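I opened this model to look up a few places in the fold and wrote down what I found. The entries follow the order in which I looked.

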Amino acid sequence: MFRHLRFLQTCRHGTWQPVTRRFSDLIKVLPEVRNALANGEPVVALESTVITHGMPHPHNIRTAQRVVQIVREHRATPATIAIINGKLRIGLTEDELEWLASTENPVLKTSRRDLSMVVSKGWSGGTTVAATMIAAYKAGISVFVTGGIGGVHRGGHSSLDVSADLTELGRTPIAVVSAGVKSILDIGRTLEYLETQGVSVLTYGHTTDFPAFFTQKSGFHSPYNITTPEEAAEVIDNHFSLGLDSGLLIAVPIPEQHSAQKVEDAIQRAVEQAREEGVRGDKVTPYILGKVDKLTQGKSLAANIALMENNAAVGSQLAWALSHRRR
Ligand code: PSU
Ligand code: MN
């Protein structure tokens with residue numbers, strides 16, 4: 001019956017799934033990243049939906065390049081993850097990054113549910129936090145830096161609009177560094193959902209207040225806080241040693257001088273407009289992000305860029321501390 005099936009691949013629960021192509025046929029790791037991983041050097045994974053759907057051109061490419069540069073300045077190897085012509089790519093060249101960020105190319109927002117279709121059709125995709133976690137974990141990367149993760153949308157308890165990022169954090173063991181979640185989302189319910197999923201949530205700094213992306217404090221508590229890269233690395237290392245299949249969320253507050261208190265009104269209006277216009281599904285997050293940028297005349301975008309850069313620095317230090325422990 002399985003005449004055409006060549007390989008068997010273990011799936012999550014240890015049973016065998018017959019497949020015709022190996023995972024290694026579908027993935028391409030940049031040599032620089034492959035070497036760093038083989039030598040136990042620090043590697044930082046970066047997502048690409050923020051490039052393809054999260055920021056307008058040319059801010060998207062500038063920020064992506066700057067983040068890569070910051071990771072390098074902190075002596076870690078950056079690995080931007082995306083799908084190019086059906087291949088899952090771990091690490092991109094400068095040209096590929098520019099191609100991805102260019103508005104002329106049809107690039108799909110790709111989360112867990114989209115991966116098999118995008119790969120099968122040879123399409124290209126910007127990977128969400130969820131899809132980037134999957135790819136990074138399979139490539140052997142432990143630390144992944146982003147700006148903000150998806151969460152439970154406002155009204156999500158009735159619409160069921162809950163980002164697949166949250167369930168992914170519950171099932172894939174990798175440390176995700178983010179500036180918390182945007183208040184375009186329901187932060188309280190997002191934290192409840194993360195608890196249900198068994199995700200270890202740690203605020204980075206001398207507070208347990210969970211950050212709200214544009215601002216340092218959301219008024220909701222992280223269960224824990226850690227204050228140094230070494231302390232974070234110890235927790236991450238033990239999390240993996242315990243064999244927990246879940247992920248960790250390291251929530252890094254935006255630096256005080258860049259925080260943007262006034263975006264709240266714009267967020268309210270953007271959420272209302274999305275509802276009035278009947279925006280649904282995976283269109284909601286990009287729609288609101290774009291609207292908030294316009295309404296705040298770029299203030300929210302400037303804050304977004306600043307926190308991405310800060311997260312890249314913290315994430316690189318963390319990747320360093322982690323690789324140092326393993327030596
Ligand atoms: N939040 C941001 N910027 C972004 C995203 C979220 O501030 O670019 C992107 C991330 O890639 C995240 C995705 O994984 O949106 C979540 O989309 P959704 O809510 O449809 O799951
Ligand atoms: Mn959604």
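The entries below go through some strands, a core, a helix, a loop residue and a ligand shell.

**Entry 1: the kind of model**

I noted at the start that this is a predicted model.

**Entry 2: strand β11**

I began with β11 and asked how many of its residues are buried. The count is 5 of 5, so by the cut-off of 20 or more other C-beta atoms within 10 Å the strand is mostly covered.

Next I looked up the partners of β11. It pairs with β13 (residues 248-251) in the parallel sense, over 4 bridges. In that pairing S200 stands opposite L248. β11 also pairs with β12, again in the parallel sense, over 3 bridges. There the bridge partner of Y204 is I226.

**Entry 3: strand β10**

I moved to β10 (residues 175-178). A175 and V177 point one way, V176 and S178 point the other way, and all are buried. β10 runs parallel to β13, and 4 bridges join the two. V176 stands opposite L249 of β13. β10 also runs parallel to β9 (residues 143-145), with 3 bridges between them. In this pair V143 stands opposite A175.

**Entry 4: the largest nonpolar core**

Which residues touch the most other members of the largest nonpolar core? They are F144, V176, I250 and L318, out of 96 residues in that core. Helix α14 (residues 299-325) gives the most to this core, with 12 residues. In soluble globular proteins, nonpolar side chains tend to be buried together.

Leaving out residues up to four places away in sequence, L318 touches V143, A175, V177, P229, A232, A233 and I250.

**Entry 5: helix α14**

I checked the length of α14. The helix has 27 residues and reaches 39 Å from its first C-alpha to its last, close to the 39 Å expected at 1.5 Å a residue. I then checked its cover: 19 of the 27 residues are buried, which I recorded as mostly covered.

**Entry 6: residue G205**

I went back to the end of β11. G205 sits in the loop between β11 (200-204) and β12 (224-226). Why is G205 partly exposed? It has 17 other C-beta atoms within 10 Å, and a residue counts as buried at 20 or more and as exposed at 12 or fewer. Apart from its neighbours within four places in sequence, G205 is in contact with N225, T227 and P253. I also looked at M308, 103 residues from G205 along the chain; the two C-alpha atoms are separated by 17 Å.

**Entry 7: the shell around ligand 1**

How many residues surround ligand 1? I found 18, and the closest are T49, G54, V129, G150 and S163. The elements that give two or more residues to this shell are α3 (49-54), α9 (164-171) and α13 (284-295). α3 gives the most, with 3 residues. By type, the shell divides into 5 nonpolar, 9 polar and 4 charged residues.

Notes:
Residues are numbered from 1 along each chain as its sequence is written. Chains are lettered from A and ligands numbered from 1 in the order in which they are written. This is a predicted model: local features need pLDDT of at least 70, side-chain atom pairs count only at pLDDT 80 or more; totals for chains, interfaces and linings use all residues. Two residues are in contact if their C-beta atoms, placed from the backbone, lie within 7 Å. A nonpolar core is a set of buried Ala, Val, Leu, Ile, Met, Phe, Trp, Tyr and Cys residues joined through C-beta atoms within 7 Å. The expected span of a helix is 1.5 Å times one less than its number of residues. A residue is near a molecule or strand if its C-beta atom, placed from the backbone, lies within 6 Å of it. Ala, Val, Leu, Ile, Met, Phe, Trp, Tyr, Cys and Pro count as nonpolar, Asp, Glu, Lys and Arg as charged, and the others, Gly among them, as polar. Two strands pair if DSSP finds at least two bridges between them.
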